[in-house]
Amino acid sequence: SSLSHQELAEPARWLFLDTETTGLAGGTGTYAFLVGVAWWEAGGLQVEQFFMRDHDEEHAVLTALNDRLAERQVLVTFNGKSFDWPLLETRFTMTRAIRPRAPAAHLDLLHPARQLWRLRLGSVRLSELERHVLGAERLGWTRQHDIESALIPQIYFDFLRGGSPEPLARVFQHNQMDLRGLAALAGRIFGLLDSANGPVSDGLELFGLSRIHHRRGEAVRAQRLYDQALDAGLPKRVDVSARRELALLARRQGDYERAASLWGQLADETKSIEAY
């Protein structure tokens, strides 16, 4: 990305995107029949949904999406780098008439979500993150009447064959829920990343946050967060990983005394060949 971290973190630049498609595996025969976008404006989340009532409306849907991509340069998705955006790029290519406006940056929140919460939750599905990380119930959110993603393609095919449009209402609602969750998740993740002294949180979340900063090359901040995670308490396997990362950071920073101490502890406790 040509944008700085500060520019990426500006909510006014974000365009949230989520698609509903005719297949969950992608491929050239898969259509995005509903493209939902959202953005922050006037203190609230604005949502727009482009729906393809038949295949001949795909050009209009993609044109409308391209207009929105021109307005906000930072695309924010959940698994969009692997699914939504490649699918849309394929559809743009298949039209042979519309050049997609590539975002200046694409933030796929699935990846930081895995770092931050997979150890604690196991699953990092958006609905699980809403419940256990974003406090959806406390906020009055519910997915009580949500529809399973696997059922969505058939609902659209039934509509194309002349079936009632009423079941599609749940598809539109599902798409809106995903956009709302995506927007809240973006705020939560950037809040954690921009916290000046490390957030008050559980050890596993701190450990995930420290790994993100470590991978970004922010050694001093990563080291502080690893220490905080260890102080907060970690399961044995994760505790060992945190101390290993701290030992590597200490060695790279020339703090050989601390590195040797950490490797010594790990050698005694784990009999690790690397530690020895």
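In which sense do strand β4 (residues 74-77) and β5 pair, and over how many bridges? The two strands run parallel, with four bridges between them. The close-ups below start from this pair.

This is a predicted model, in which local features need pLDDT of at least 70 and side-chain atom pairs count only at pLDDT 80 or more, while totals for chains, interfaces and linings use all residues. Residues are numbered from 1 along each chain as its sequence is written, and side-chain values use heavy atoms, with hydrogens and water left out.

**View A. The open sheet and its strand order.** Five strands line up as β3-β2-β1-β4-β5 in an open sheet with mixed pairing. Here, helices (H or I, at least four residues) and strands (E, at least two) are DSSP runs, numbered from the N terminus, and two strands pair if DSSP finds at least two bridges between them. At the edges sit β3 and β5, each of which pairs on one side only. Neighbouring strands of this sheet are turned against each other by 25° on average, direction ignored. Look for L75, whose bridge partner in β5 is H106.

**View B. A helix across the sheet.** Helix α8 (residues 168-194) lies across β1 (14-21), β2, β3, β4 and β5. The helix runs at about 145° to β1. For such angles, axes are lines fitted to C-alpha atoms, for helices over the stretch in contact (heavy atoms within 4.5 Å), and the angles run from 0 to 180 degrees between N-to-C directions.

View C. Side chains of opposite charge can pair when their charged atoms come close. The structure holds 22 salt bridges, each defined as a side-chain nitrogen of Lys or Arg within 4 Å of a carboxyl oxygen of Asp or Glu. In this one, R68 and E48 meet at 2.5 Å, N to O. The pair links distant parts of the chain, 20 residues apart: R68 belongs to helix α2 (residues 58-71) and E48 to strand β3 (residues 44-51). R68 counts as buried because its relative accessibility is 19%, whereas E48, at 23%, is partly exposed. The cut-offs are under 20% relative accessible area for buried, over 50% for exposed and partly exposed in between (1.4 Å probe, protein chains only).

**View D. E130 and R143, a buried pair.** The closest N and O atoms of this salt bridge are 2.9 Å apart. E130 lies in helix α5 (residues 126-132), and R143 is in the loop between α6 (136-139) and α7 (152-160), 13 residues away. Both E130 and R143 are buried.

View E. R161 forms a salt bridge with D158, and their closest N and O atoms are 3.5 Å apart. R161 is exposed at 63% relative accessibility, while D158 is partly exposed at 38%. Elsewhere, salt bridges that share partners join E130, R143, D146, D178 and R180 into one network.

**View F. Two loop residues with positive phi.** Most residues other than glycine have a negative phi. A42 has a positive value near 55°, and this residue sits in the loop between β2 (32-41) and β3. With 82% relative accessibility, A42 counts as exposed. R96 also has a positive phi, near 60°, and is placed in the loop between α3 (80-95) and β5 (105-108). R96 is exposed, with a relative accessible area of 80%.
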